[in-house]
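Q: I would like to go through this structure step by step. Shall we begin?
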Amino acid sequence: MAASSTAVVELGFAEPPESPLIAENFPSKIGGRPAWLNPEHILLAEQVRCEVCCKPMILLVQLYTPEDYPPEAFHRTIYVFCCKNGSCHKISWRKSFKVFRSQLPKNNIYWPENESSLDSTTKKKSPAKQCIVCGLLGSKMCGKCNQVNYCSKEHQIEHWTSGQHKIHCNTISTTSITEEHNNHCRKLVLFPEFEIVTEQEGKDQEEEEDYGERDGDNNLSNSKALVPVGDEVYENTGVDVDKAFLKFQKRIEPYPEQIIRYNRIEYESENNPEPLWVSDIDKPTVQDINPCPHCGQERTLEFQILSTLLNYLEIDHLQQSSLDWGTLLIYSCKYNCHVENMYYINEILWRQNFSDDGLNWKRNLK
Ligand SMILES: [Zn+2]
Ligand SMILES: [Zn+2]
Ligand SMILES: [Zn+2]
Ligand SMILES: [Zn+2]
């Protein structure tokens with residue numbers, strides 16, 4: 001995904017991965033372990049703890065969003081972490097999400113343009129040891145075998161039990177069985193992994209319009225059928241309308257599977273993008289989206305995550321305390337500032353929920 005100079009929205013869709021979603025492929029993805037843009041400097045559990053339950057959060061989404069400006073952002077990834085425990089979000093959603101921006105210049109020691117441009121001394125930077133469960137920095141080690149790293153006590157315990165490390169510790173197990181148990185453990189802790197593929201909003205409709213002239217009337221009635229939600233329906237019934245929700249429904253209707261709307265615009269652009277609100281309430285104030293503390297510039301909307309993403313997370317929606325949102329808005333420093341020796345810059349997430357009107361409408365559709 002990349003910033004644009006106009007108000008085009010790039011849509012993201014979840015798909016089973018075609019190739020491994022590993023760092024060298026610069027993936028955009030849901031769930032799994034983070035693919036670190038900077039393999040030497042990776043996040044610690046302490047930086048990603050839920051401020052309600054204090055457990056390490058897990059990766060919700062990462063987007064690879066390279067930019068032309070500044071040169072330090074030639075490679076750029078945004079990481080969104082969240083606590084898996086819905087009750088933490090009920091207590092304070094602000095304390096249950098974290099967003100980080102990580103970037104690298106074109107010439108960097110980890111992803112050189114051509115291998116020969118580096119001499120052999122700089123080439124071998126050792127990647128940081130990762131927690132075998134979640135991929136955060138593995139600053140702790142199993143004290144019995146000194147073979148496995150963990151980010152936290154929590155994941156060490158999880159790996160000991162559901163990862164069967166109690167069997168594999170200090171034994172020579174076949175790697176395939178160990179790996180099978182590791183994957184089982186990760187499956188319990190992490191969100192399932194999907195690739196995020198993109199498409200420009202409105203692109204296939206333009207194509208359709210070209211064809212449309214052939215069966216003109218037909219096409220017109222079809223396009224009307226796609227927009228069953230008219231304000232006048234509500235005006236007649238006197239029901240209080242959530243106008244933002246109706247607008248939202250209309251806009252996403254042509255692409256009901258979209259999980260992400262990518263809005264970021266180039267830094268010179270004057271018109272800051274507006275989110276597609278899912279409701280008239282719960283909008284952030286100017287104070288909520290404070291300026292970047294590093295460069296003082298404003299933060300603008302980069303992308304939004306829709307509630308359709310929840311369908312891919314294998315969470316139990318019937319549970320009272322399951323994870324939920326109307327949309328998640330991610331705001332980032334407009335100027336993409338680079339701070340020397342700071343590998344991760346915190347950015348802002350804002351959660352907007354559906355109004356009761358919107359929720360009732362969605363329920364009726366089911
Ligand atoms: Zn929590
Ligand atoms: Zn971990
Ligand atoms: Zn061990
Ligand atoms: Zn900044």
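Q: What is the geometry of the site of the zinc ion (ligand 2)?
A: The site of the zinc ion (ligand 2) is tetrahedral, with angles of 100 to 119° among its four donor atoms. Four donors count as tetrahedral if all angles lie between 85 and 135 degrees. Please note that this is a predicted model, in which local features need pLDDT of at least 70 and side-chain atom pairs count only at pLDDT 80 or more. Residues are numbered from 1 along each chain as its sequence is written, and ligands are numbered from 1 in the order in which they are written.

Q: Which residues coordinate the zinc ion (ligand 2)?
A: Cys131 (SG), Cys134 (SG), Cys151 (SG) and His155 (ND1) coordinate this ion at 2.0 to 2.3 Å. Donors are N, O and S atoms within 2.8 Å of the metal (3.2 Å for Na, K and Ca).

Q: Are Cys131 and Cys134 buried or exposed?
A: Both Cys131 and Cys134 are buried, that is, under 20% relative accessible area with a 1.4 Å probe, counting protein chains only.

Q: And which residues hold the zinc ion (ligand 3)?
A: The zinc ion (ligand 3) is coordinated by Cys142 (SG), Cys145 (SG), His165 (NE2) and Cys169 (SG), at 2.1 to 2.4 Å. In sequence these donor residues follow the spacing C-x2-C-x19-H-x3-C.

Q: What does the pair Cys145 and His165 tie together?
A: Cys145 lies in the loop between strand S6 (140-141) and strand S7 (149-150), and His165 lies in helix H4 (residues 165-168), so the pair ties together parts that are 20 residues apart in sequence. Helices (H or I, at least four residues) and strands (E, at least two) are DSSP runs.

Q: How buried is His165?
A: His165 has a relative accessible area of 5%.

Technical notes
Heavy atoms only, no water. Buried < 20%, exposed > 50% of the residue type's maximum accessible area, 1.4 Å probe, protein only. Tetrahedral: all angles 85-135°; square planar, octahedral: opposite > 155°, others 65-115°.
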